[in-house]
Amino acid sequence: MHTLVIVNPGHFHAGLILRRRHPELSRDVHIFSEAGSDLDNFMKLINAFNERADAPTDWIYHVYTGGDFLEKAAAFKGGDIAVFAGRNDRKVYYLDAMHRAGYAILTDKPVTIDSDGVAVLEKALASGGKPVVDIMTGRHEPSARLFRDFLLTPEIFGEFRAEGELPMIENNTIHHLYKTVNGAPLVRPAWYFDVNKQGCGLCDVATHLLDNAQWMLYGDLAINFDNEVELLDAELGVTAVPADKFELITKVKAFPAEFADRVKDGVLKVACNGSLTVQYRDVTVRVGAQWNLEAPPGGGDMHNQIARGSMSDLFVEQGPQTGFKALVYVKPRTMKPEAMQAVIAKRLAQLGYADAKVEVAGDRCLVTPPSSMVDGHEFHFALVRDDFLNMLATGMEPEGLRSQLAAKYKIMGMARDLALRK
């Protein structure tokens, strides 16, 4: 039986770990935190899980508040898994303290937002101890799983191909500052808009995009960073946040004084957008993250991904044109779509995806995931948690867990440094 210790929660992702129970988790959840609105909003979310009419949870929360919350958490002997989701400038230092205290770590991304934090993370990972895992829900997305399956199938994808200056893998996402979680508008803390606390556009969502590339290229294998990874370019961009939208999202009536240098004519400029290009071995990867103020009516997050291969190009498309569902397409280069349809159908059967569908859509094949694949970003947090618990139960830490974790954050830290020098 494991017991969770949640340290200074400030982001709803820590709450999604508790969305449903698990037989190997104690009902008792210990929270060590600063007092304030971050904790208050977090408690409202997780209490809602206990109070909901449909399949309520029965967690028992034990909350300690005080300026010495980290010392109290590290000294606490009643837990063995530390969970982090809050201010990103502090997170790696909390992680280091709890890891040294003997805890296994399950943390929201990003673990750190600059190169100083990367050095702390690398030292913690190199010290041994229990596993450190960041919550990569993207590996459970049905579209990502199909995309990877096809990329690893030579009859469908072939080999990576170079096409001028285009990257071999391209992965872009659009998120929204104002959104709904667990059926209610999400209240974000004011510090979420401070890139010195939350992280810039190269050090947040890019974690998922780089993790996707590393998963595609390495699986569970280790990365030799010095010999296999090269950062090629990086750029930062801003999203303009008017005062009324800031109040809507944060429930704070005015921009904090420390934002003054980024506010002009009642509009806050947040450097939350970014793109970077990196090469793993001989495969070039470009990732980009953008934050809009609010999703279009009936919409949500948007995503597009391309992998360019000798046999076909693979696509994930998600946006207004797809009804905001992530759809997988295969565009053959060496055969007609009808012939590729048969190849894909055979592969889906081999994978055991009996009710997956593949149909011709113009010059591409559209693949619909099977119903057995659990969909929905919020539901995937429990799946990552369950994978983590299984790792602890078996003692089988993947070979590349630590080097891949370090590589992601090292790339992002280097990209931030490069973009700020431009």
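Two residues are said to be in contact when heavy atoms of one lie within 4.5 Å of heavy atoms of the other. With that meaning in hand, the predicted model shown above can be read step by step.

In helix H6, the residues Ala144, Arg145, Phe147, Arg148 and Leu151 meet Asn212, Trp215 and Met216 of helix H7. The residues of this contact divide into five nonpolar, one polar and two charged. Helix H6 covers residues 142-151, and its axis lies 10 Å from that of H7, at an angle of about 35 degrees. The crossing of H6 past H7 is right-handed.

Helix H7 itself deserves attention. This helix runs over residues 206-218, 13 residues in total, and spans 18 Å from its first C-alpha to its last, which is close to the 18 Å expected at 1.5 Å a residue. How much of H7 is covered? Twelve of its 13 residues are buried. Among them are Ala206, Asp211 and Asn212, together with Trp215 and Met216. Just after the helix, glycine 219 adopts a positive phi of about 60 degrees.

Beyond its neighbours up to four places away in sequence, glutamine 214 touches Gly219, Ile223, Tyr280, Gln404, Ala407, Lys408 and Ile411.

Two of these partners may be followed further. Glutamine 404 lies in helix H12, which covers residues 401-421. With a relative accessible area of 6%, glutamine 404 is buried. Its contacts, with residues up to four places away in sequence left out, are Arg139, Gln214, Trp215, Tyr218, Gly219, Asp220, Leu221 and Ile223. The other partner, tyrosine 280, is in contact with Leu210, Ala213, Gln214, Leu217, Tyr218, Ile223, Glu228, Val229, Val285 and Ile411, leaving aside its neighbours within four places in sequence.

In soluble globular proteins, nonpolar side chains tend to be buried together. The largest nonpolar core here has 92 residues, and Met98, Phe150, Phe193, Leu276, Tyr280 and Ile344 are the members that touch the most others. Helix H12 supplies the largest share of this core, nine residues. Apart from it lies another core of 32 residues, including Leu18, Met43, Tyr61 and Leu401.

Residues up to four places away in sequence aside, leucine 314 touches Phe147, Phe150, Leu151, Ile156, Phe157, Gln305, Ile306, Ala307, Tyr329 and Val330. Leucine 314 and arginine 364 are 50 residues apart in sequence, yet their C-alpha atoms are 9.4 Å apart in space.

Is threonine 322 buried or exposed? Threonine 322 is buried, with a relative accessible area of 11%. Its contacts, leaving aside neighbours within four places in sequence, are Glu317 and Leu327. Threonine 322 and methionine 302 are separated by 20 residues in sequence and by 9.8 Å in space, C-alpha to C-alpha.

Other loops contain particular backbone features. Arginine 281 is found in the loop between strand S12 (267-280) and strand S13 (283-294). Its phi is near 55 degrees, a positive value in a residue other than glycine. At 47% relative accessibility, arginine 281 counts as partly exposed. Alanine 55, in the loop between helix H2 (37-51) and strand S3 (60-65), has a positive phi of about 50 degrees although it is not a glycine. With a relative accessible area of 51%, alanine 55 is exposed, because exposed means over 50%.

A last backbone feature concerns a peptide bond. Lysine 109 and proline 110 are joined by a cis peptide bond, with omega about -15 degrees. Proline 110 is located in the loop between strand S5 (104-107) and helix H5 (115-126).

Note on methods:
Residues are numbered from 1 along each chain as its sequence is written. This is a predicted model: local features need pLDDT of at least 70, side-chain atom pairs count only at pLDDT 80 or more; totals for chains, interfaces and linings use all residues. Side-chain values use heavy atoms; hydrogens and water are left out. Helices (H or I, at least four residues) and strands (E, at least two) are DSSP runs, numbered from the N terminus. The expected span of a helix is 1.5 Å times one less than its number of residues. Buried means under 20% relative accessible area, exposed over 50%, partly exposed in between (1.4 Å probe, protein chains only). Axes are lines fitted to C-alpha atoms, for helices over the stretch in contact, and angles run from 0 to 180 degrees between N-to-C directions. A crossing is left-handed if the near helix is turned anticlockwise from the far one by less than a right angle, and right-handed if clockwise. Ala, Val, Leu, Ile, Met, Phe, Trp, Tyr, Cys and Pro count as nonpolar, Asp, Glu, Lys and Arg as charged, and the others, Gly among them, as polar. A nonpolar core is a set of buried Ala, Val, Leu, Ile, Met, Phe, Trp, Tyr and Cys residues joined through side-chain atoms within 4.5 Å.
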